[in-house]
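Come along as I look things up, entry by entry.

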Amino acid sequence: MIKNADRIYYGGDYNPDQWDEATIDEDMRLFKKAGINLVTLPVFSWAKLEPEEGVYDFTWLDKLMDKFLENDIKVCLATPTTAQPAWLSKKYPEVLPVDKSGRKRTHGMRVYFCVNSPKYRERAAAIARQMAQRYANYPNLVLWHVANEYGTYCYCPTCEAKFRKWLKNRYGTIENLNDKWHTCFWGRTVYDFDEIMLPTELNDDYRFNPVVNLDYMRFMTDSTIECFENEAQVLREYTPDVTIQTNISGHIEKLDQFKMTRHMDIAAWDNYPAPGADPAFVAYKHDLMRGMKGGESFMMQEQSPNQQNWQPYSKLKRPGEVRMISYQAMAHGSDTCLYFQLRQSIAGEEMYHGAVISHAGHENTRIFRECAQLGKELQKIGDAFLGGKTPAKTAIIFDWDNWWILEFASKRCLPNDDFNYLKKMSKFYKALYDANIPVDMLSVDGDFSKYKVIYGPFLYMMKEGLKEKIEAFVRAGGTFVTTTLAGLVDENNRAVFGEYPGAFRDLMGIWVEESDALRKEERNHMVMKDGFLAGDEYACMYQCDIIHPRGAQVLASYGEDFYEGTPCFTVNTYGEGKAYYIGTEPDGAFLSALTEKLCADNGIRAPYRADPGVELTRRINDKNEIVFVLNHNQQEASVDFENDRLIDLISEKTVTGVTTISPNDVMVLKKAETDRKGKDS
Ligand code: GLA
Ligand code: ZN
């Protein structure tokens with residue numbers, strides 16, 4: 001949670017480098033009118049603040065800071081280190097990165113520096129120190145924002161040297177590296193760490209070798225963490241009580257965010273759903289952010305109040321849409337609602353990106369009115385759900401190493417390379433989301449004991465201790481579900497020797513002899529036995545494992561192909577619990593039916609019964625239990641609150657029993673004290 005926060009921070013990125021004083025004064029008026037209480041700046045102003053090496057000029061920023069203070073606007077102060085000044089790249093070309101194809105990049109793009117460059121780090125820490133010293137006692141400083149959207153991979157000589165050191169540190173000896181990387185295959189033995197190359201396009205072997213790629217992704221995450229810490233440590237020295245974070249790009253795949261966020265005081269991310277995106281997919285990423293710190297609230301650091309200009313078709317946000325996606329973020333655990341950006345740029349790459357104040361320059365626009373309405377509502381809501389947590393008894397294991405190895409690193413090795421981790425995992429999430437079952441996205445290092453049901457789909461890579469941890473969870477009465485691909489390799493991508501599914505053989509009580517790859521459009525069927533689920537048959541895709549039960553009970557078998565009639569879905573009783581194995585990728589209908597069954601078996605319920613398309617979540621803090629109701633339908637829908645009486649903090653009306661909610665509308669309901677008691681679980 002954000003330290004010392006007493007309200008939802010509402011506002012966003014402000015880039016006043018572009019504006020004269022009169023415009024800035026007008027913005028103060030408009031911000032107040034919109035209920036904006038926080039600005040993030042100066043994200044891209046390094047060139048302005050340090051025009052020459054070691055020569056700083058903060059007069060411009062000082063004046064702005066005074067203005068925010070006068071107008072009671074809080075500041076999320078950004079170190080401007082994402083866009084290094086031209087003099088830095090010119091004087092010290094080592095700061096410029098080398099890309100995967102081996103090209104040295106020229107100056108000019110933001111987030112284009114080598115995270116390992118000592119000169120970059122030296123200058124970045126220096127300006128961070130200047131800012132921290134200067135503004136440490138500034139009363140409206142509530143957040144630090146380090147750089148912006150890290151994620152550029154570099155392959156320069158500095159990175160090469162550091163990677164070799166990193167490997168030495170990880171593997172100790174060259175013999176151990178040869179063993180773990182299994183270099184005896186294709187005669188790739190190395191005799192010294194300095195013979196190890198980077199996985200660039202200049203080297204087809206290293207570029208396609210799964211374990212080298214995987215280690216490079218791990219190394220880039222560690223290097224980025226060091227780069228973040230390089231500044232964060234300085235900030236902590238001066239302002240130990242101010243929350244420090246960096247905004248995670250929507251392209252979350254680039255860095256292991258579980259590792260990154262361990263170094264941040266709060267997880268923060270940029271939410272840019274594609275126009276018309278399935279609300280389940282948006283919620284999924286928010287829940288992933290809530291999972292970063294084991295269920296703590298997070299920050300939505302950016303979203304567009306209107307169109308995003310970098311898509312082929314810059315769709316306007318429909319009336320009510322920005323309000324809906326804002327409440328959705330908060331419903332899933334965000335304690336902020338922040339935009340990129342507050343005033344629309346006059347020129348440059350993002351001149352047609354949406355903003356609270358458009359080129360028109362005044363408040364008489366649809367988007368300004370919508371943002372101002374939301375600002376007013378948030379003022380009313382105050383701190384009602386701040387820091388509130390979501391009580392979940394189900395979880396989905398999500399893991400970057402698995403993502404990387406399945407999607408990027410092993411593309412050429414797997415039986416079927418049509419693998420999109422984020423999408424495939426989202427099918428499991430959607431089944432829970434559609435039923436309004438709260439779900440936590442769980443790291444492999446997380447606390448499993450909080451849950452009754454854990455899904456570990458496509459859990460291919462089994463890091464040390466994970467097998468034992470999952471077995472202990474099931475033995476103690478937990479329900480665990482996994483799929484094809486699970487349990488097959490260790491953390492160096494070496495096959496767990498012996499029968500498939502490797503690490504899961506005992507737990508699942510099966511033996512998988514072979515796995516058949518299905519083409520993209522190809523389907524097989526899961527023919528259910530004994531009415532275990534509501535439907536008789538469900539489609540399945542991607543891959544079909546040929547399974548021999550070894551104590552497991554068969555729940556479904558394949559409907560087609562030479563393995564027709566053989567098991568595709570099994571359950572094994574293990575200790576007090578149950579372990580389900582889905583030997584293929586099932587369709588959404590199967591997952592919905594399975595969710596219903598497992599929730600019923602484990603006494604897990606949605607907060608209330610609601611029409612399809614109505615999203616319900618809960619957040620509980622020390623003071624309140626808040627229920628969010630989001631009607632994503634274009635028509636009226638209803639929710640049954642049974643005998644509970646709840647007060648809508650927006651309309652101030654009390655609801656109880658079967659209640660209708662208008663199309664696209666939102667309710668933020670506070671439970672009456674009496675209703676909270678018996679129901680907290
Ligand atoms: C990213 C960046 C912002 C801005 C937005 C536009 O998230 O962090 O500076 O470029 O995209 O969508
Ligand atoms: Zn580099």
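Predicted model: local features only at pLDDT ≥ 70, side-chain atom pairs only at ≥ 80, totals over all residues.

**Entry 1: the metal site**

Residues are numbered from 1 along each chain as its sequence is written, chains are lettered from A and ligands numbered from 1 in the order in which they are written, and side-chain values use heavy atoms, with hydrogens and water left out.

Which atoms are the protein donors of the zinc ion (ligand 2)? I found C114 (SG), C154 (SG), C156 (SG) and C159 (SG), lying 2.2 to 2.3 Å from the zinc ion. Donors here are N, O and S atoms within 2.8 Å of the metal (3.2 Å for Na, K and Ca); water is not among the atoms, so sites may look incomplete. The angles subtended by the four donor atoms run from 100 to 117 degrees, so the arrangement is tetrahedral. That word applies to four donors if all angles lie between 85 and 135 degrees. I also checked C114 and C156, and both are buried (under 20% relative accessible area, with a 1.4 Å probe and protein chains only).

**Entry 2: the cores**

Next I looked up the nonpolar cores (sets of buried Ala, Val, Leu, Ile, Met, Phe, Trp, Tyr and Cys residues joined through side-chain atoms within 4.5 Å). The largest has 189 residues, and F68 and F569 have the most contacts inside it. Helix α9 (residues 210-238) gives the largest share of this core, 12 residues. Helices (H or I, at least four residues) and strands (E, at least two) are DSSP runs, numbered from the N terminus. Another core, of 26 residues, lies apart from it and has L442, I454, I510 and A579 among its members.

I stayed with helix α9 to look at N230, which lies in it. Is N230 buried or exposed? It counts as buried because its relative accessibility is 19%. Beyond its neighbours within four places in sequence, N230 is in contact (heavy atoms within 4.5 Å) with R121, A124 and A125.

**Entry 3: strands**

I then turned to strand β13 (residues 479-483). Five of its five residues are buried, so β13 is largely enclosed by the rest of the structure. T479, V481 and T483 cover one side, and F480 and T482 the other. Strand β12 (residues 453-456) pairs with β13 in the parallel sense over four bridges; to pair, two strands need at least two bridges found by DSSP. Y455 stands opposite V481 in β13.

Seven bridges join β22 to β23 (residues 625-631), and T617 stands opposite F628 in β23.

Conventions
Tetrahedral: all angles 85-135°; square planar, octahedral: opposite > 155°, others 65-115°. Buried < 20%, exposed > 50% of the residue type's maximum accessible area, 1.4 Å probe, protein only.
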